[in-house]
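Please read this briefing with the sequence and the 3D view side by side.

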Amino acid sequence: MFNKQKKFEQAVLSGEYANDDIEYSSYYKDSFKRLKKNKMAMVCAIIIVILVIIAVFAPVLAPYDPDVQDYANILKAPSKAHLLGTDEYGRDILSRIIYGTRVSLSVGLLAQALATLIGVTLGALAAYYGGWVDTVISRITEIFAAFPDLIFAMGIMFVIGPGIKNIFIALGLLTWVRTARMIRGQILQLKEKEYVEAAKASGATAFHTITKHLIPNCISTVIVLVTLGIPNAIMYEASLSFLGLGIQPPTASWGSMISSAQPFISYLPTYSIFPGIAIMITVIAFNIFGDGLRDALDPKMKN
Amino acid sequence: MLSYILKRLAQTVLVLFGITLITFILLNVVPGDPVAMMLDKRADEATIEKVRHEMGLDVPLPEQYINFVKGAVRLDFGKSYFTKENVMDALVRSFKVTVKLAVMSFLFACVIGLTCGMIAAVYRGKWIDSLLMTLSMVGVSAPSFWIAIILQIVIGLKLDLLPISGFDGPLNYILPSIALGTRYAGSIARITRTSMLDVIKQDYIRTARSKGVKEFLVIMKHALKNAMIPIVTLVGTELGYMLTGSMLIEKVFAIPGIGKLAVDGMMNRDLPLLQGTVVYIALVFVIVNLVVDISYAFIDPRIRYGKGGE
């Protein structure tokens, strides 16, 4: 996953990935055709759709209320009444995993939305204006990139406090760097194109040029970055919640479930195993789909 | 070459300065007076003032920052609020443990990753390729702390082969190293396969084969050597991640490493300890990356002259 992102990054920076001279409707149609041929990616797309449905319809799908405690049924093994068993408060593990889908997907999506907003803005400004603007933004990017990721996220969570909104913020602040770098690289190349010069010559403002001519041509890069960024964010959320710095009880999150299951590994091992499977399936689905999407949007990238 | 190194060094100094600044600003906007928290509610105003003065917290923030940087340059981060231990001593003690864990995980990741990647490349399209690539996908997508717990359940509890916590003897190292290394083994396996497949297509491999060189030698001598550059690049940065990202594994196995120190610092709101740990971890990460970059510039001349400076 990491390597592929790196490779994608290199391709973007070296200009292989600029698709500005392709006609739009047919470009996306062709990409979609290519994507449909990739069976693994399509299977993963279906899994993602199912996950979204689970998240949206969690109250309908969950057999129990995820937060209702039942002291008569504590730490029960999987049975007909509780398909995946119950936790240390007698809560239904399946229902909690179903509700956890909401947390993971919304963290993935909103953290990426924030990262994209910061990254695209700073990347575009740095590339468009160059000079001292570029220098300042690039140095800031370097400092953020030099922080080891997990300790940085932990530090921000420590400062702003736990909770789901704060996770969006922490992960957004952690992951915008990659977006900024790639958008900067791509806009540096797009800036030299004739149509941008034409726009400038006909009196377009900087704001107009950036938002109407430059950023729209980076959309496919942004789509791939977001798709591959979501599983990363989900993994960070799980890690932070596991460390006790993320989602707080009683809200169900996959990472915090594994954390509270840890003391009971000898008594009820399945309790810690099921939430991990949920994380794994989600992350794999987004990774394979994201790879497929990248290959479909630019066939030259395919190895 | 020299100008590349100098440029990279200057960049590192700037980055380190930025890191201390961000850490300081972040940690000083934390709500709650650390001195009042440390002394509990019983302390009266005069005592609080006295302790504030002793800790250098009664001067304006910019001055506190300068004092912090002055200390950091001499690797002096003050004393822990709670244990009263010198922060640097705690850092060194914990870091030794983390280095052991990271080195073992690194070896595990390299050996398993390279072997699996090579086998997958040689048997491309066969069942063993699909199996290894599926496993590596699982490896990079499963949370490391979850793998750690599965290892504890299966190898520690069910089979009763290895201890599941602590870090006292060599037997204790095995499960944590596997848990920390799995993710990196997966990504090394994937890049090894890709890189090997790129090289195997080349003419000189066909030439070697047509000369009648044994297949094993073709792979080991001609292919692997040339496939190494992207692999080495990845492996270097991964060492940095293993040295700085072990807090999850340390929590699962109750290992007293640097990650545990950071988590403890957060839980106890122990600012000097936390500040020291964050800056120390970032310092290690930045220096590992600096060394890795400079050594690549030696290995690969394209970095020295080309776009690599960016």
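The secondary structure of chain B consists of 14 helices and 0 strands, where helices (H or I, at least four residues) and strands (E, at least two) are DSSP runs numbered from the N terminus. Chain A, for its part, has 13 helices and 0 strands. This is a predicted model, in which local features need pLDDT of at least 70 and side-chain atom pairs count only at pLDDT 80 or more, while totals for chains, interfaces and linings use all residues. Residues are numbered from 1 along each chain as its sequence is written, and chains are lettered from A and ligands numbered from 1 in the order in which they are written.

**The two chains**

- Along the principal axes, the C-alpha atoms of chain B fill a box of roughly 85 × 55 × 30 Å, and those of chain A fill a box of roughly 75 × 45 × 30 Å.
- Of the 310 residues in chain B, 39% are buried, and of the 303 residues of chain A, 48% count as buried; a residue is buried if 20 or more other C-beta atoms lie within 10 Å of its own, exposed if 12 or fewer, and partly exposed in between, with C-beta atoms placed from the backbone.
- Among the contacts in chain B with a separation of 6 or more, 71% are between residues 24 or more positions apart, and the corresponding share in chain A is 72%; two residues are in contact if their C-beta atoms, placed from the backbone, lie within 7 Å.

**Where the chains touch**

- In chain B, 42 residues are in contact with 36 residues of chain A.
- On the side of chain B that touches chain A, α1(B) gives the most, with 8 residues.
- By class, that side of chain B has 32 nonpolar, 8 polar and 2 charged residues, where Ala, Val, Leu, Ile, Met, Phe, Trp, Tyr, Cys and Pro count as nonpolar, Asp, Glu, Lys and Arg as charged, and the others, Gly among them, as polar.

**A helix pair across the two chains**

- The axes of α13(A) and α6(B) come within 9 Å and cross at roughly 115 degrees; these axes are lines fitted to C-alpha atoms, for helices over the stretch in contact, and the angles run from 0 to 180 degrees between N-to-C directions.
- The two helices α13(A) and α6(B) are therefore roughly perpendicular to each other, since angles under 35 degrees count as roughly parallel, over 145 as roughly antiparallel, 65 to 115 as roughly perpendicular and the rest as oblique.
- In this pair, A:M280, A:V283, A:I284 and A:N287 of α13(A) meet B:M137, B:V138 and B:S141 of α6(B).
- The contact of α13(A) with α6(B) has 5 nonpolar, 2 polar and no charged residues.

**Buried parts**

- Helix α12 of chain A, residues 254-261, is mostly covered, as 7 of its 8 residues are buried.
- The buried residues of α12(A), which include A:W254, A:M257 and A:I258, pack against α5, α11 and α13 of chain A together with α7 of chain B.
- In the largest nonpolar core, with 159 residues, A:A153, A:M154, A:L171, B:I188 and B:A262 touch the most other members; a nonpolar core is a set of buried Ala, Val, Leu, Ile, Met, Phe, Trp, Tyr and Cys residues joined through C-beta atoms within 7 Å.
- The largest share of this core, 16 residues, comes from α5(A).
- Leaving aside its neighbours within four places in sequence, B:A262 is in contact with residues of both chains, including A:I151, A:M154, B:M247 and B:L274.

**Backbone points to look at**

- Most residues other than glycine have a negative phi, and most peptide bonds are trans.
- A cis peptide bond, with omega about 5 degrees, joins A:P249 and A:P250, and A:P250 lies in the loop between α11 and α12 of chain A.
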